[in-house]
Amino acid sequence: MTATTYTNLPGSKPGTSSGGWLGRFFWRMIEAQEQRIVRRVGKIFSTYDDAALKNIGYTTAEITRLRRQYRAG
């Protein structure tokens, strides 16, 4: 029988094992990919017109922020 200890360290995901340096390495890789995807989706969504963005649930303030963040140039 084995036992796994879960610890919530500062900056770690709740309910996960710290996993040492290798576990932290993989979490950082996952977080980097998540950030990359968020930027990519933001760029794509910034090309949509306001009506389409409102249809998928964006508020006027969120649309304005999206346009400012990903304005061409």
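Trainee: What percentage of the contacts in the chain with a separation of 6 or more comes from residues 24 or more positions apart?

Mentor: This is a predicted model, in which local features need pLDDT of at least 70 and side-chain atom pairs count only at pLDDT 80 or more, whereas totals for chains, interfaces and linings use all residues. Residues are numbered from 1 along each chain as its sequence is written, and side-chain values use heavy atoms, with hydrogens and water left out. A contact means heavy atoms within 4.5 Å, and among the contacts with a separation of 6 or more, residues 24 or more positions apart account for 16%.

Trainee: What distance does helix 1 reach from its first C-alpha to its last?

Mentor: Helix 1 covers residues 20–45, which gives it 26 residues. The expected span is 1.5 Å times one less than the number of residues, which here comes to 38 Å. The model is close to that expectation, since the first and last C-alpha of helix 1 lie apart by 38 Å.

Trainee: Against which elements do the buried residues of helix 1 pack?

Mentor: Buried means under 20% relative accessible area, exposed means over 50%, and partly exposed lies in between, with a 1.4 Å probe and protein chains only. Of the 73 residues of the chain, 12% count as buried, and in helix 1 the buried residues are Gly 23, Gly 42 and Phe 45. These buried residues pack against helix 2 (50–55) and helix 3 (60–69).

Trainee: Which residues make up the largest nonpolar core?

Mentor: A nonpolar core is a set of buried Ala, Val, Leu, Ile, Met, Phe, Trp, Tyr and Cys residues joined through side-chain atoms within 4.5 Å. The largest one holds five residues, namely Phe 45, Leu 53, Ile 63, Leu 66 and Tyr 70.

Trainee: Why does Ser 46 count as buried?

Mentor: Ser 46 is found in the loop between helix 1 and helix 2. Leaving aside neighbours within four places in sequence, Ser 46 is in contact with Leu 66, Arg 67 and Tyr 70. Ser 46 counts as buried because its relative accessibility is 17%.

Trainee: At what angle do the ring planes of Phe 25 and Phe 26 lie?

Mentor: Rings of Phe, Tyr and Trp (its six-membered ring) pair if their centres lie within 6.5 Å, and planes under 30 degrees apart count as stacked, over 60 as edge-to-face and the rest as tilted. The whole structure holds three aromatic pairs. In the pair of Phe 25 and Phe 26 the centres are 5.4 Å apart, and the pair is edge-to-face because the planes lie at 70°.

Trainee: How many residues apart are Phe 45 and Tyr 58, whose rings form a pair?

Mentor: The rings of Phe 45 and Tyr 58 have their centres 5.8 Å apart and their planes at 80°, so this pair is edge-to-face. The pair links distant parts of the chain, with Phe 45 in helix 1 and Tyr 58 in the loop between helix 2 and helix 3, and the separation in residues is 13.

Trainee: Which residues do ring pairs link into a cluster?

Mentor: Tyr 58 counts as partly exposed, at 24% relative accessibility. Leaving aside neighbours within four places in sequence, Tyr 58 is in contact with Phe 45, Leu 53, Ile 63 and Leu 66. The cluster linked by ring pairs consists of Phe 45, Tyr 48 and Tyr 58.

Conventions: Helices (H or I, at least four residues) and strands (E, at least two) are DSSP runs, numbered from the N terminus.
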